[in-house]
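Subject: Structure for you to look at

Hello,

Here is the structure I said I would pass on. My notes follow below it.

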Amino acid sequence: MSNGLWTDALTRLKKNKLALLGAAFLLLEVAVFFLAPLFSQTGYEVQDLEMTFSAPTQLHWFGTDSLGRDLLSRVLFGGRVSLTVGLLASLVSALVGVVYGSLSGFLGGKTDNVMMRIVDVLYALPFIFLVIILMVYFGRNFVLLFVALGLTQWLTMARIVRGQVLSLRHKEFIEAAHSLGIRKRKIILKHLIPNTLGPVIVYLTLTVPSVILEEAFLSYLGLGIQAPLASWGTLIKEGVDVMDLAPWTLFFPAFFLSATLFSLNFLGDGLRDALDPKGARD
Amino acid sequence: MGFQYLFKRLAIMVPIFFLVVTLVFFMIRFAPGGPFSSEKSVSPAILKNLEAKYHMDEPLVSQYIRYWKDLLRGDLGPSFKHANRTVNEIIQESLPVSVELGLLALAWAVIIGVSAGALAALKPNTVYDYVPMAFSLLGICLPTFVVGPVLVLVFGLWLQWLPVAGWESWQDRVLPSLTLGFAYAAYISRLTRGGLIEIRGQEFIRTARSKGLTESQILIKHSLRGGLLPVVSYLGPALAGIITGALVTETIFNIPGLGRFFIESAVNRDYTVVMGTSLLYFTLIFLCNFLVDLVYAILDPRLKYV
Amino acid sequence: MSALLKIENYKAYFYTRRGIVKAVNGISYEVHPGQTVAVVGESGSGKSVSQLSYLGLLPSPPLRILGGQVVFDGSDLLKMREDELRKIRGDKISMIFQEPMTSLNPYLKIGSQLIEPLVIHRKQRKKAAWSAATQALERVGISRPAQAMEAYPHEFSGGMRQRVMIAMALTTEPKLLIADEPTTALDVTVQAQILELLKSIQKETKMAMILITHDLGVVAGSADEVVVMYAGRVFERGSVDDIFYRSQHPYTQALLRSTPRIDQLEKELPVIQGNPPDLSQDLVGCPFTTGVLTRKRFAN
């Protein structure tokens, strides 16, 4: 059963040009961004006060900013930070969501009811406020940041996973396995997990752009990534401050942030359609 | 008879509110660097305010009750950073500005969103569909703090049609509200399109046509009511989003709204302002969601009997 | 008495990506005032499409009307513009549909939907239309019509909803009522009531009715004339007696044989072999024989 599902999905995915484009862009981006330090000479911190606000040239492909720093290196560095935070926070949210959701679905009954009620109520709250409050109280810790960000996104994942677990619990092959005396733990490992993996991957792909966006949001406001580190959010903020003098300082980080968000969304949508073609399409 | 489920929702909110207020109380009391902690890093004037306000010599329980009493009177306490200002004053000055910004943004979102979505639904898979939906994709993916500066760059600096910051004349209000509303216009246009397309595929539309109604009559009387339901239920999250989006928008456009003060307070670690404002925001969001549920129940007659 | 509706050699095809579907492939028959003509056939025979298409109720593209005439009350409907057709729809020609569950707008009150034909075609004011509609509800057998007008569709049962649809179709006293499988979704007892109701209204108003159905029992009880359709064509036409007792076409005979009968409980129900033909393929000869294993040829 699992083999057929994946190959079918892959075929469908391949037909989705936008998703493929997104995937290609992301692969390229990750490769360039994370391998770049091996090649580039100009550091992201190096200031050159004689070359401030210069437009793109051969030396500085993306130009320089208000302190004469090479924008290309800064965009690459900021990209690494943003992508890493995005991925780590999404993994945190996936972890919390999967554990909560599978527990709720597996336990069922009243416990499940209560747990999902809590999720319903939490859904209405804008978590960003909680993150801000956490940042205010506990300082701008890098680890705290992506844990907090991860906690803003686990709700959807929990719902999805719980739904999957509930529907799988009652499927015949689980009952068959159970009646054969296979222990509960084995059932979970061998049956439940492979079948929930699909939706988890899909929503993971869709969580990453939300988290990257939130990090950028916080950093833009000065509450996220702090100097000397940089992320796309801080770079965009710096760019906005001087955009009348040097529009490229806004353009390049904004472009990469947007393109990454687009690609992740296309890919995530594509994965979701590939795995569940019955889902309502726009 | 049927509004029972609404009351159920309300009933859950009460203990939650209770919990939240209790949390807020403790967080203010145990704020690092505050008068209750070991390292008092607040200025003496503020310390005086806080002691007068919270009666720190009293036992914890009476402090808590006192906090509730103040809260129910609408008093949120003094600022942590500004000795002669209270949280209430700050809110009173800046909330109206934010409300205006939020309502304008919502207006843009609904007007642009529903029109674009309706147009796309009436002529699906044509250019009238592809173009608005492409724009809506932009709106959904591009963050407010990218859209805002881009609009400012194009309309403010290059074309010089609209002012870039401030909140004085009516022109000042255009760019910020448009920036804030753009993303929600995008979502609403997609929801409208989807909802209308689904409704128009239903049989009762064919019945209406067989009775001799014109296409516009069919659209307005028969399609909109059901087709807009997804938009109505989206308004709850949309409002929450507008509130958070205002934080950035007010910062970009230098608007003296509650959002901007909130961010400043967060950066400056003004605990009472941060917590008090958050409490206000949460209450607002709960109320708005409840209102939306109410409207939805009125619009969908089938729910009245659930 | 001259025909109220005269369909002559009417052709309408669907132009789809997978090919041309010849849904209505040259049909001809007449309907006279006060008469009930039953159009009978399997699913996919084109019986519904043949009516919906000339009234402008099907999206066009992919539908295209290719030829023939559909003359109603002296004018050819096929030559009319959309706004002229719209004047006739709901006024002189009304329709009721199969699924009363979904054919009424769930978001609007019954009254709001009932008054529409009167307001649009008779230019009545809302108040006048409302009381006329309330009376119509009473006529179709809905008790407490005034309260019913204020209610929503989901508050009614299937049978009552169909009565509401009938009331809605009759407020403008149409000359022709097209009933597309009006009783298929209803219980047998309710079926009988609905058909009775329609009959009594016809007696009063001399309204003609086209009754589309695949249920021969309904035909036997309600129709004057029968038109048997298959694959977009008319296989046989005649009075009810002609069709039931003296049918000439093997398809009609097969249809009759496959109807369950109370006096033949033990025997297996004969089934018409083969599937209805794919209407996107051109068919040579009688479309029925190409779908069936028999090799006999019959002149149409």
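This is a predicted model: local features need pLDDT of at least 70, side-chain atom pairs count only at pLDDT 80 or more; totals for chains, interfaces and linings use all residues.

Residues are numbered from 1 along each chain as its sequence is written, and chains are lettered from A and ligands numbered from 1 in the order in which they are written.

The buried residues in H9(C) are Gln191(C), Ile194(C) and Leu198(C). They cover an arc of only 70 degrees around the axis, so they sit on the same side of H9(C); the arc is taken from the directions from the helix axis to the C-beta atoms. An α-helix has 3.6 residues a turn, so residues three or four places apart point the same way.

The partners of the buried residues of H9(C) are helix H8 (158-170) and strand S8 (208-213) of chain C. Packing here rests on contacts, that is, C-beta atoms placed from the backbone within 7 Å. Helices (H or I, at least four residues) and strands (E, at least two) are DSSP runs, numbered from the N terminus. After H9(C) comes Lys206(C), with a positive phi near 60 degrees.

Between chains B and C, the contact takes 17 residues from chain B and 21 residues from chain C. H8(B) gives the largest share of the chain B side, 6 residues.

Regards

Key
Two residues are in contact if their C-beta atoms, placed from the backbone, lie within 7 Å. A residue is buried if 20 or more other C-beta atoms lie within 10 Å of its own, exposed if 12 or fewer, and partly exposed in between; C-beta atoms are placed from the backbone.
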